[in-house]
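Trainee: Please take me through the salt bridges here, and then through the charged patch and its surroundings. I'd like one connected account.

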Amino acid sequence: MKTQTVTLNNYSEQNKVEMVNFYNEATEDYAFWSNDYNMHFGYFIPFKTNPFKRDAMLNEMNKQVIKRLGIKTTKNRLIDLGCGMGATMRYALKKHSTIIAYGVTLSDFQVQQGNELLKGKNGIILKENYNNTAFQSNSFDSAIAIESFCHSGHNAKSLKEAYRILKPGGRLVIADAFLKKDRSELCHGAEYAYEKLCSHWSLEKLETHTYIKTQLETLGFTNIKVEDVSFRVAPSVLHVPFAIGGFIIKKLLSYKGLKRESSHNLKGSFYALLSGLHMKSFGYYIISATKYK
């Protein structure tokens with residue numbers, strides 16, 4: 001792997017600073033959301049997944065994303081673009097002995113603590129910008145991005161970089177919230193929730209799922225599948241108010257005040273729930289594609 005100075009391309013100056021600060025300071029708070037430090041929403045399967053057990057749904061999301069990679073028994077180099085604490089990487093390594101996993105994040109805290117959790121496993125987290133990594137072209141068999149590309153506004157550069165570092169025939173799977181319509185068409189309530197969500201979670205913006213599909217086609221991805229899994233994700237979203245309440249009570253009982261970033265995280269979670277109620281404007285999708293051979 002080449003060495004390269006980490007740059008913060010394709011984020012607005014203010015947003016990139018806020019995003020890095022947010023994850024450096026608030027990542028440890030995610031223990032209240034997930035024992036495994038999953039930093040995403042979950043996936044519910046009726047009669048299989050218990051809707052009252054949040055961690056089970058969060059790990060089911062990991063399972064669903066990894067399943068769509070179509071990993072074979074041969075060695076597979078996987079990259080998690082915006083890996084957080086590496087929870088999905090650890091899940092993949094546990095389920096597939098043939099995987100070599102790499103994760104990239106701009107948060108020093110996530111690099112340090114995530115690599116501690118990966119000790120003894122065939123994976124590593126690096127401080128890299130997923131829009132402009134130091135990896136050589138055609139390096140990976142698989143790439144995933146779970147609720148991460150939204151931080152740079154679902155920028156076409158993110159998709160272009162994923163295409164560049166994937167081997168021909170490599171698979172990309174994105175799981176994220178997207179707009180169902182252009183922002184100019186949002187009603188007043190949806191627009192309010194959208195602005196607050198982006199502000200508190202340091203999101204550049206959200207794109208429409210149709211925009212992502214078009215960009216993937218333009219880049220040369222094939223076998224593109226766009227799945228609306230909003231109703232599968234909804235049960236985990238409904239955990240938000242209970243998780244927030246429990247977190248605040250825990251802080252009060254320990255006589256610890258809320259950090260600015262923790263407060264933003266909690267408010268962002270609330271507006272994620274509010275956004276989810278505008279089902280005609282927002283949806284959660286799993287988008288998968290194959291790099292043309």
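Mentor: Happy to. A salt bridge here is a side-chain nitrogen of Lys or Arg within 4 Å of a carboxyl oxygen of Asp or Glu, and by this rule the count comes to 9. Keep in mind that this is a predicted model, in which local features need pLDDT of at least 70 and side-chain atom pairs count only at pLDDT 80 or more, while totals for chains, interfaces and linings use all residues. Residues are numbered from 1 along each chain as its sequence is written, and side-chain values use heavy atoms, with hydrogens and water left out.

Let's begin with Arg164 and Glu161, whose side chains meet in a salt bridge at 2.7 Å, N to O. They sit 3 residues apart in helix 5 (residues 156-165), so about one helical turn separates them. Helices (H or I, at least four residues) and strands (E, at least two) are DSSP runs, numbered from the N terminus. For exposure, buried means under 20% relative accessible area, exposed over 50%, and partly exposed in between, with a 1.4 Å probe and protein chains only. Glu161 is buried at 7%, whereas Arg164 is partly exposed at 25%.

Arg183 pairs with Glu191, their closest N and O atoms being 2.7 Å apart. Here Arg183 is partly exposed at 38% and Glu191 is buried at 18%. Together with Glu195, these two residues are linked in a network of salt bridges. Lys119 and Glu116 form another salt bridge, at 3.4 Å, N to O; Lys119 is exposed at 57% and Glu116 partly exposed at 44%.

Now for the charges without such partners. Patches are made of residues with over 30% relative accessible area and no salt bridge, like charges being joined within 9 Å and nonpolar side chains (Val, Leu, Ile, Met, Phe, Trp, Tyr) within 5 Å. Lys48, Lys63, Lys67, Lys94, Lys95 and Lys225 form a positive surface patch. Helix 2 and helix 3 (87-95) each supply at least two of its residues. Lys94, which is found in helix 3, is exposed at 70%.

Helix 2 itself, residues 54-67, has 14 residues and reaches 20 Å from its first C-alpha to its last, close to the 20 Å expected at 1.5 Å a residue; that expected span is 1.5 Å times one less than the number of residues. Of those 14 residues, 11 are buried, so helix 2 is largely enclosed by the rest of the structure. The buried ones include Arg54, Asp55, Asn59 and Glu60.

Note on methods. Accessible areas come from the Shrake-Rupley method with a 1.4 Å probe; for residues, only the protein chains shown count as cover. Lys and Arg count as positive and Asp and Glu as negative; His and the chain ends are not counted. The place of a charge is taken as NZ of Lys, CZ of Arg, CG of Asp or CD of Glu.
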